[in-house]
Amino acid sequence: MSRIYPSKLLLFGEYTVLNGSQALAIPLDLWRGTWIQKERRSVADDSPLYAFVSWLQSHDLISAASAAHMLSDAEEGWTYVADIPIGYGLGSSGAFVAALYDRYITKENSATPASALSMLARMESYFHGSSSGMDPMVSYSGQAVLRDDRGQYQNIHDPGWPEGFNIHLLDSKSGRSTSPLVHLYKAMLTDPEIKIKIEHELVPMVEHAIHSYLAGAGTLLEQYISVIGQFQREYFSMMIPDPIKDLWDEFTELPGVYVKFCGAGGGGYFMVISTSEDEHLTHPYLKRVI
């Protein structure tokens, strides 16, 4: 039985992690990837797999033996398959990297968490230009990952949402690429006023939300989520598609309903958090996940 590599859900820390804030991500088993064996096939020199393997070799991330093993397995029909939506903020590339790392590279890489994180980050940078390694670490370990106040990433026990919290994902019906959005955020930080607001208002709320989530302090957590959502709606509006803006405003008029980013925004999923009865929280693009 092949291992399962779950998708990930970034609960808190979208963008503020670039300001040095804490961040928290958990595995989400609704979507996943795994290895299966299909019919034998040839791997063309211009195939995406061949290009990635060549890139890994050129960056000294895998040995010639591992590269040959990957391509040999592919010709034998071994294929990574997943139902994780691409460009939706659920860690599709992270799960793929975790699967490759687990199947081919762990024997060459030392087994410490720090070395695993470093390798996973370097591998995923192929897809995003840069990576913290957080997404693939969630998929590889199947556990929650916390970026702590020292900037270190560690696996932790996920206590789950406090009682009464319901988590939904709102489908924008459009994918997005993370890299241009990160560049947009960094451009925002060149405005001193915005930078100060983020560092002195948003970052503390994110870190308070993480602490409250881990402590199971539901009342405080709800307050912090409300502030985070309002801040993102006001200052990150250029990263919210127009149809989602309308739904965001409509949902947050309901008591006990909050909307925030699910990863980079721009498209993909947005997170809708409810602490009230859900009978009025309905939409065909809304999916309850927790």
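Reader: What should I know about the numbering and the model before starting?

Author: Residues count from 1 along each chain as its sequence is written, and side-chain values use heavy atoms, with hydrogens and water left out. The model is predicted, so local features need pLDDT of at least 70 and side-chain atom pairs count only at pLDDT 80 or more, while totals for chains, interfaces and linings use all residues.

Reader: How do I read a pair of packed helices, say α7 and α8?

Author: Two packed helices are described by the angle between their axes and the distance between the axes. Helices here are DSSP runs of H or I, at least four residues, and strands are runs of E, at least two, numbered from the N terminus. Axes are lines fitted to C-alpha atoms, for helices over the stretch in contact, with angles from 0 to 180 degrees between N-to-C directions. Helix α7 (residues 192–215) meets helix α8 (residues 218–235) at about 150°, axes 9 Å apart. Therefore α7 and α8 are roughly antiparallel (over 145 degrees; under 35 is roughly parallel, 65 to 115 roughly perpendicular, the rest oblique).

Reader: Which residues make the contact of α7 with α8?

Author: Contact means heavy atoms within 4.5 Å. Among them are Ile 198, Leu 202 and Met 205 of α7, and Leu 221, Tyr 224 and Phe 231 of α8. The contact residues split into 14 nonpolar, two polar and two charged (Ala, Val, Leu, Ile, Met, Phe, Trp, Tyr, Cys and Pro are nonpolar; Asp, Glu, Lys and Arg charged; the others, Gly among them, polar).

Reader: Is Tyr 224 buried or exposed?

Author: Tyr 224 is buried, at 17% relative accessible area (buried is under 20%, exposed over 50%, partly exposed in between, with a 1.4 Å probe and protein chains only). Leaving out residues up to four places away in sequence, Tyr 224 touches Met 205, His 208, Ala 209 and Ser 212.

Reader: At what angle do α3 and α4 cross?

Author: Helix α3 (residues 92–105) and helix α4 (residues 113–128) cross at roughly 130°, their axes coming within 10 Å. That makes α3 oblique to α4. The contact of α3 with α4 has 11 nonpolar, three polar and one charged residues.

Reader: How many bridges join β4 to β5?

Author: Strands pair if DSSP finds at least two bridges between them. Four join β4 (residues 144–147) to β5 (residues 153–156), and the two run antiparallel. Ala 144 has Ile 156 as its bridge partner. Five residues lie between the strands of this hairpin, where Gly 151 takes a positive phi near 85°.
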